[in-house]
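Student: I'd like to learn how to read salt bridges in a structure. Could you walk me through some?

Tutor: Gladly; let's look together.

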Amino acid sequence: MNLDIQHKNALVCGSTQGIGKAAAIQLAQEGVNVTLVARSEEKLKAVLAELPNNNQNHGYLVVDFTNPADLKEKLEGTNLQFHILVNNTGGPAGGPVFNAKLEEFERAFTMHLKCNHVLVQAVVPFMKEEGYGRIINVISTSVKQPLDGLGVSNTIRGAVANWSKTLANELGQFGITVNNVLPGATATERLTEIINNKAAKTGKTVEEVAEMMKNASPAKRFAKPEEVANAIVFLASERASFINGINVPVDGGRTKSL
């Protein structure tokens, strides 16, 4: 399928590893000019060198998402002509919601909602001018079904999903769509961290925890980051022009709700 996004410009957050990196590479393969966003310049340069390049204009932006003011300042010095925005940030630490400290909620809200909002406000004016915008938020299946042991994440992800749906209602008239991709258990550094934490708390081996998590999905395996990226890239394309305000689980069927 021709996704018809050649020469579009994309801003991809959290793009030095996992799902963000896979999405950046696949967008570049489709002829998109990709600007990578993360906090490590060394890692950004490494991924930049991996991006397919056919006379494309790729770049990167070094930003720490714990500081929205810094993000806003960096964006003010950037050419903000982006057709595609992929909001993607590493999840909060695990643990029961009852035990969570207030600072944990505040940090997660800042990284996942405030910074998303700063980015959207920065890129939407150009999207309106172009009559084309794709905002894709990488969240979690906890939007549909809270996950045990991820209390802060469940809470904040729900807030981001409702923010996103509200934006979709407001921006659809300008040719801008806002959708959420909800990864299930995906083979990333984040998943390794979750598995190790569960093993430490339950006394099970890492292998036992991993097998249990795989068996929670009808597919009986973890997703590859590239499989989640497939959904992101499609939603970024011209072909998804009438898909707006939805949550797309990419979890092998693990989520029980409709």
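Student: Which side chain meets Arg221 in a salt bridge?

Tutor: Side chains of opposite charge can pair when their charged atoms come close. Here the partner of Arg221 is Glu227, at 2.8 Å from N to O. A salt bridge means a side-chain nitrogen of Lys or Arg within 4 Å of a carboxyl oxygen of Asp or Glu. One caution: this is a predicted model, where local features need pLDDT of at least 70, side-chain atom pairs count only at pLDDT 80 or more, and totals for chains, interfaces and linings use all residues. Residues are numbered from 1 along each chain as its sequence is written, and side-chain values use heavy atoms, leaving out hydrogens and water.

Student: How many salt bridges does a search of the whole structure find?

Tutor: Four. One of them joins Lys21 and Glu50, with the closest N and O atoms 3.1 Å apart. That pair links distant parts of the chain, 29 residues apart: Lys21 is in helix α1 (residues 18–29) and Glu50 in helix α2 (residues 41–50). Helices are DSSP runs (H or I, at least four residues), numbered from the N terminus.

Student: Where do Lys74 and Asp70 lie?

Tutor: Both sit in helix α3 (residues 68–76), four residues apart, about one turn of the helix.

Conventions. Helix = DSSP H or I, 4+ residues; strand = E, 2+ residues; numbered from the N terminus.
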